[in-house]
Amino acid sequence: MACRQLWASRTASYLRISLFNRPFSTLLKDLKYADSHEWVKVDGNSATVGITDHAQDHLGDVVYVELPEVGATVTQGEGFGAVESVKATSDINSPVSGKVVEVNEELSSSPALVNSSPYKDGWIIKVELSDNAELNNLMDSDKYSKFCEEEDSNH
């Protein structure tokens with residue numbers, strides 16, 4: 001393993017790329033983003049919520065995801081669960097308000113889905129929206145990308 005990593009480091013150095021901190025995270029255009037690094041995909045009155053590629057990249061390998069109960073009420077900007085990684089534990093804030101109608105049970109046995117597929121298989125909850133106007137408080141992909149660049153340059 002160490003030999004492979006050394007080879008990869010030398011190759012990355014030769015190619016002038018970084019193995020660890022990717023300069024650009026993946027963003028999807030049809031999502032809305034919160035400044036606490038959660039995303040939301042809205043379909044009618046239903047919203048799917050997860051953490052962004054940027055967030056999972058900074059967290060490192062996710063080892064546990066704390067999920068809320070189905071039926072719980074979530075409020076925009078307030079915590080509803082947590083993501084535990086090898087580096088830290090981070091609260092998950094809801095980008096929207098409403099009632100939790102589904103949780104991603106797959107994350108109980110495969111929390112690393114948050115790392116490998118943050119926008120597809122690694123979704124965290126589905127919410128029945130109580131106030132669609134709250135979506136105006138969120139960023140589109142362009143604004144979120146600029147926000148991440150500014151945040152990273154301040155660290």
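Helices (H or I, at least four residues) and strands (E, at least two) are here DSSP runs, numbered from the N terminus. The structure is a predicted model, in which local features need pLDDT of at least 70 and side-chain atom pairs count only at pLDDT 80 or more, while totals for chains, interfaces and linings use all residues. Residues are numbered from 1 along each chain as its sequence is written, and side-chain values use heavy atoms, with hydrogens and water left out.

**View 1. The protein as a whole, with its order of helices and strands.** The protein has five helices and nine strands, and from the N terminus on its elements run α-β-β-β-α-β-β-β-β-β-α-α-β-α. Of its 155 residues, 39% count as buried, where buried means under 20% relative accessible area, exposed means over 50%, and partly exposed lies in between (1.4 Å probe, protein chains only). Among contacts (heavy atoms within 4.5 Å) between residues at least 6 apart in sequence, 64% join residues at least 24 apart.

**View 2. Histidine 37 in the loop between β1 and β2.** The phi of histidine 37 is near 75°, a positive value in a residue other than glycine. As background, most residues other than glycine have a negative phi. With a relative accessible area of 11%, histidine 37 is buried.

**View 3. The salt bridge between lysine 41 and aspartate 30.** A salt bridge is a side-chain nitrogen of Lys or Arg within 4 Å of a carboxyl oxygen of Asp or Glu, and by this rule the count comes to one salt bridge. The closest N and O atoms of lysine 41 and aspartate 30 are 3.5 Å apart. Lysine 41 belongs to strand β2 (residues 38–43) and aspartate 30 to the loop between α1 (2–15) and β1, so the pair ties together parts that are 11 residues apart in sequence. Lysine 41 itself is partly exposed, with a relative accessible area of 40%.

**View 4. An aromatic cluster formed by Tyr33, Tyr144 and Phe147.** Rings of Phe, Tyr and Trp (its six-membered ring) pair if their centres lie within 6.5 Å, and planes under 30 degrees apart count as stacked, over 60 as edge-to-face and the rest as tilted. By this rule the count comes to three aromatic pairs. In one of them, the ring centres of tyrosine 33 and tyrosine 144 are 4.7 Å apart and the ring planes are at 10°, so the pair is stacked. This pair links distant parts of the chain, since tyrosine 33 is in strand β1 (residues 32–33) and tyrosine 144 is in helix α5 (residues 141–153), 111 residues apart. Both tyrosine 33 and tyrosine 144 are buried.

View 5. Threonine 48 counts as buried at 16% relative accessibility. Leaving aside neighbours within four places in sequence, threonine 48 is in contact with Trp39, Val40, Lys41, Trp123, Ile125 and Lys126.

**View 6. Leucine 107 in helix α3 (residues 106–109).** At 1% relative accessibility, leucine 107 counts as buried. Not counting residues up to four places away in sequence, leucine 107 touches Val65, Leu67, Leu113, Val114, Gly122, Trp123 and Ile124. Of these, glycine 122 is 15 residues from leucine 107 in sequence and 7.2 Å from it in space, C-alpha to C-alpha.

**View 7. Lysine 87 in the loop between β6 and β7 (89–93).** An unreviewed UniProt entry places the feature "modified residue: N6-lipoyllysine" at Lys87; UniProt positions are given in the numbering used here, feature names are shortened, and annotations may be inferred rather than shown by experiment. Lysine 87 counts as exposed at 60% relative accessibility. Apart from neighbours within four places in sequence, lysine 87 is in contact with Asp57, His58, Leu59 and Gly60. A polar atom of the lysine 87 side chain lies 3.5 Å from the backbone oxygen of histidine 58.

Notes:
A polar contact is a pair of N or O atoms within 3.5 Å; within protein, one must be able to donate a hydrogen and the other to accept it, and residues adjacent in sequence count only if both atoms are side-chain atoms.
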